[in-house]
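Open the structure in your viewer and keep the selection panel at hand. The tour has two stops.

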Amino acid sequence: MMSKKPILTVHEVSMFFGGLKAVDDLSFTINEKEIIGLIGPNGAGKTTVFNCVTQFYKKYTGTITYVNRDNKVINLKDYDVTKIASLGIARTFQNIELIPDLSILDNVLIGAFNQFETKVIAHIFRTPKMRRQEKALTEKAENILKRLHIHHLKDMYVAGQPYGILKKVELARALISDPRLIILDEPAAGLNDKETDELEALVYQIRDEFNTTVLLIEHDMGLVMNLCDRVVAINFGKFLAYDTPQNIQKNPLVQEAYLGKDE
Ligand SMILES: Nc1ncnc2c1ncn2[C@@H]1O[C@H](COP(=O)(O)OP(=O)(O)OP(=O)(O)O)[C@@H](O)[C@H]1O
Ligand SMILES: [Mg+2]
C-alpha cells in the first residue's frame, strides 16, 4: 500500500505577471512516494507553479508547505531559492540548464555544492576535511552516473552531448542533493520513443532506489498515463481536476481544455 503522508501542499496559490494571472487560486496536495503529473495546455501555468514551489518566484499569494527531513511542516516562503535543494527539493528545467564547458561529472557535482560543510577558508587551504568531502561527493556522483548508465561519459564535456544524455545529467545533478521531492519540467520533451521508454523506467527507479516523491510536468500523455498515480490538470492557471490518469482522460473539463489545441 502506498503511504498517504503529505509531503507538499499548494494552498490557494496565485501568481501574477503584471495583469496576467498565471496561477489562479490553485490548491493540491501530494503524498510521499507518489508520482504526480501536472498537466495543462501550453501557457496553463505549469512551470510557474514549479517556480513558486522552488521559491524562484516569491511574489505569489497563498501558501506552499512542505514536510522536511525532520517531519516538520514548513512554509517554503520562509526559505530563499538557494536553500530549497538543501531542504530536499530538487528540480530539472524545461530548457536544460547545464554548464556546457564543464564535464558531465562536474555538472553533477555542482548540484552538491549545498552539501559542503566547510567554510570558504577551508576551500582556500584545501583542508583534509575538505578533501575528504570532495572525495566522498565525487564517489557519490559517480555512483549516481552509474545507476543512470552514463558513467562511461563522466569526463566528456556536456557540450555536444545528445539530448537524452543531457536530460540524464540533469537528473543526476538533481539526485546528488538527496532529494525527497524531485520535480521535473517536461522530462520527455525532445526525447525519441526509445528514450521516453527508458525515462519511464528511470522515474520508477528514482522513486524506488532514491526514495523520492516525483512531481512532473509532461505533455506526453502516454507517459503521464503510464507513470502517474494521480494527475493535476490546470488551465489558465486554474484547477480543473485531480484524479487518476484514467479518470483525467475522461474528465469533460480536461477534454474541453485541450480541445482545439494540437497536443
Ligand atoms: N516571467 C514571466 N513574465 C511574464 N509572463 C510570464 C512569465 N512566465 C510565464 N508567463 C506567462 O504566464 C503564463 C503561464 O506560463 P507558464 O510558463 O507557467 O506555462 P506552462 O504551463 O509551463 O506552459 P508550457 O506548456 O508552454 O511550458 C503564460 O501566459 C506565460 O506567457
Ligand atoms: Mg512550462
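**Stop one: the ligand**

Select Thr47 and ligand 1: a polar side-chain atom of Thr47 lies 2.8 Å from an oxygen atom of the ligand. Keep in mind that this is a predicted model.

One of its polar side-chain atoms is 2.5 Å from an oxygen atom of ligand 1. Next, show the backbone of Gly45. A polar backbone atom there lies 2.9 Å from a ligand oxygen. On its own, ligand 1 has 640 Å² of accessible area, and the protein covers 64% of that.

Now bring up the whole shell. It holds 14 residues, and Gly43, Lys46, Thr48, Gln94 and His219 are the closest. Colour it by type: five residues are nonpolar, seven polar and two charged.

Ligand 1 sits in the second largest pocket. Strand 2 (20-31) and helix 1 (46-53) are the elements that give two or more residues to the shell. Which of the elements gives the most? Helix 1 does, with three residues.

**Stop two: the cavity**

Select its lining: Thr92, Phe93, Lys167, Glu170, Leu171, Leu184, Asp185, Pro187 and Leu199. By type, the lining has five nonpolar residues, one polar and three charged.

Finish with the cartoon view. Helix 6 (163-175) and strand 7 (181-185) each supply at least two lining residues. Helix 6 gives the most, with three.

Definitions and conventions:
Residues are numbered from 1 along each chain as its sequence is written. Chains are lettered from A and ligands numbered from 1 in the order in which they are written. This is a predicted model: local features need pLDDT of at least 70, side-chain atom pairs count only at pLDDT 80 or more; totals for chains, interfaces and linings use all residues. Side-chain values use heavy atoms; hydrogens and water are left out. A residue is near a molecule or strand if one of its heavy atoms lies within 4 Å of it. A polar contact is a pair of N or O atoms within 3.5 Å; within protein, one must be able to donate a hydrogen and the other to accept it, and residues adjacent in sequence count only if both atoms are side-chain atoms. Accessible areas come from the Shrake-Rupley method with a 1.4 Å probe; for residues, only the protein chains shown count as cover. On a 1 Å grid over the protein atoms alone, a cavity is a set of points where a 1.4 Å probe fits but cannot get out, and a pocket is an open set with protein on both sides within 12 Å along at least five of seven lines; lining residues have an atom within 4 Å of a point. A molecule sits in a cavity or pocket if more than half of its atoms lie within 2 Å of its grid points. Helices (H or I, at least four residues) and strands (E, at least two) are DSSP runs, numbered from the N terminus. Ala, Val, Leu, Ile, Met, Phe, Trp, Tyr, Cys and Pro count as nonpolar, Asp, Glu, Lys and Arg as charged, and the others, Gly among them, as polar.
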